[in-house]
Amino acid sequence: MPAVHHKLLLEDALQDSPQTRSLLSVFEEDAGMLTDYTNKLLQSMQRVFGAQSEMGLATEQLSQQLLDYEKKNFALGKGDEEVITTLQSFAKTVGELNSLHSELANQMADSMVFPLIQFREKDLTEISTLKEIFGIATDEHEAAMVKYSRLPKKKENEKLKADMVKEVAYTRRKQHQASLQYYCALNALQYRKRVAMLEPMLGYTQAQISFFKKGIELVSKKMDNFLSSVSNMTQSIQAQLDAEAEAMRLSQRELLSVEDTVYMPDKDTEPVNRTLIQKAGYLNIRNKTGLVTTAWDRLYFFTQGGNLMCQPRGAVAGGMVLDLDNSSVMAVECEDRRYCFQIMSPSGKTSMILQAESKKEYEEWICTVNNISRQIYLTDNPEAVAIRLNQTAIQAVTPITSFEKRQEGSPNPDRAKPGGVHATSSGSQKTGAAPEPEDLIAPGTPIQFDIMLPASEFQDQNRAGGRRTNPFGETDDDCSTESDDSLLQQVFAVRFLGSMAVRCGDNQEVIYEAMRQVLAARAIHNIFRTTESHLMVTSSSLRLIDPQTQVTRISFQLGEVCQFAAHQENGRLMGFVVEGRDWSDGDEEGEPSFSAFVFESNTEGEKICYTISLAKDITEAKKDPEALAQLMKNMPLTNDGKFLLLEPETGDMTNGAGQEDLESEA
């Protein structure tokens, strides 16, 4: 007895995932092929029925023609009596055969043609009607979701929001009901089509056997057993259909008895899971349709290993959209839409803006991408690693907004003794292993996300008549001695991402770890706004200048910068470590302390690092005039001898604007 191996799960109707749509397309394709085949089969059966009906009419006409022979009264018909009697006997036989053919035609009409017509007009037409209803319900739900997604984030009308939520719930329930009915009909069709294929042929064969039995006993017992088995099979399939229809009816009633919150967006009752390493669901993606115009498309996204995949509806499989390894994710504000976040590749050349349906989905997507970017999925126990890193991030990341808050707070736990730092470094060198994150940055170290100039310092600069710093190195006649003494001035446009205290400043790993923790903290706390500043590198100091007021926000002597490096994969990120002194313990010399500063530049971070390295070389060479002269002699200059090239000339520059980034005033 054959069984049905494939069916649509009613539990998946509400989610309406691409996998369910892909399986649904298989059922729809099967239903379409079944419709075409049924029409052709019905045409063949109607032709057989027509031929049998024509056979009955032909035999009746033949019988009548045989009887009419006597009525012709041929002038030369004398002696035709035996012929007439024989023809009358033939007419009687043909008349009896005519009655059998007529009965056979009636049986074909009732047991062969009518069941197939009923299957086509009832079952297949029902599938087509439910498909149209399902399509209309899906379009209405999509339209409602588009309207809901466009609800403004600020000063939104609560009544409008409530109406939109009701509309989304209504259309989602309507789509759910239509999909359940459609799925039930498609599942039942797998049984009905077998009955529809077997029942007409069973009726046709039984009619033929009855015809031949009445004519002559030619049907063997083997055929009777075969037809009996076919009949039993049909009855068994019909019984399975009845049981499956009842089960689907009960399941449909149970699935429709859920609360209305299931259909409402942004009504999640479960807490946010920040330890996910896999995520799937529908997101809105922003696509550019012109120079200044954009469009949002609702697509199904899922993660697979370290890749972000996208699967349009109807597609058999998804395609890779972005490699998430070492990528960055942060919340953004975009076109007054809620729950938007941006994913950027390590190189910064590829990025995409996505919108989640609810706040829970929004936070879980950000955490999932952040976990995957750390390549947690490659570890032996990724779930445990994700939980540990999430707890560490929550405990370690405490955002503050100024240096004053750090000074007013409790002492930093990361200021270890010099001996301890050296012991850890020497131990790492002995074992040959890379330093652990705890050896570089103490757990729980607060992170500062902006550099705010204290009001008292700003007033002191104004009262003192301090000259504003020109970021392009131009000087006046009354410039200070420090500016005259500077042999190198180069300005870079940067954005300050964060700073934090670190335990050492003797290797570049501490900078890379600070970059990772700062970016992770921004993603966890949804901090995405940055202020552009000008980083001026001179032969004596590093200064961060406000581009609007030209006021120096913070300044470091070049000798205090003990380490600097650019990100190994994202070339726009760079950072440096500054060494200071902590006199809180009463020591006259003070304990050494280190702070790491992380920036994002408009150009490559390697250029900034190269400039800092050049400045340090000039500082060292200034101690020996001959060494300074030899250094300046070896440095490449422009044709007029006024500018120092930060990069070797590769040919004639076609864009004059690029000279600002490649040259510095000597």
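**Rings and cores**

I began with Phe 302, which counts as buried because its relative accessibility is 16%, under the 20% cut-off. A reminder to myself: this is a predicted model.

Tyr 300 also counts as buried, at 6% relative accessibility. I then searched the whole structure for aromatic pairs and got 13. In the pair of Tyr 300 and Phe 302, the ring centres are 6.4 Å apart and the planes stand at 40°, so I noted the pair as tilted.

Next I looked up Phe 556 and Phe 576. Their ring centres lie 5.9 Å apart with the planes at 75°, so this pair is edge-to-face. Phe 556 belongs to strand β13 (residues 552-557) and Phe 576 to strand β15 (residues 573-582), so the pair ties together parts 20 residues apart in sequence. Both Phe 556 and Phe 576 are buried.

Then I turned to the cores. Which residues have the most contacts inside the largest nonpolar core? They are Tyr 182 and Leu 186, in a core of 38 residues. Helices α1 (18-71), α2 (81-149), α3 (158-215) and α4 (221-255) each give two or more residues to this core, and α3 has the largest share, 13 residues. Setting aside neighbours within four places in sequence, I found Leu 186 in contact with Leu 8, Leu 24, Phe 27, Ala 31 and Ile 127.

My last entry is a second, separate core of 26 residues, including Phe 492, Leu 544, Phe 576 and Cys 609.

Technical notes:
Residues are numbered from 1 along each chain as its sequence is written. This is a predicted model: local features need pLDDT of at least 70, side-chain atom pairs count only at pLDDT 80 or more; totals for chains, interfaces and linings use all residues. Side-chain values use heavy atoms; hydrogens and water are left out. Rings of Phe, Tyr and Trp (its six-membered ring) pair if their centres lie within 6.5 Å; planes under 30 degrees apart count as stacked, over 60 as edge-to-face and the rest as tilted. Buried means under 20% relative accessible area, exposed over 50%, partly exposed in between (1.4 Å probe, protein chains only). Helices (H or I, at least four residues) and strands (E, at least two) are DSSP runs, numbered from the N terminus. A nonpolar core is a set of buried Ala, Val, Leu, Ile, Met, Phe, Trp, Tyr and Cys residues joined through side-chain atoms within 4.5 Å. Contact means heavy atoms within 4.5 Å.
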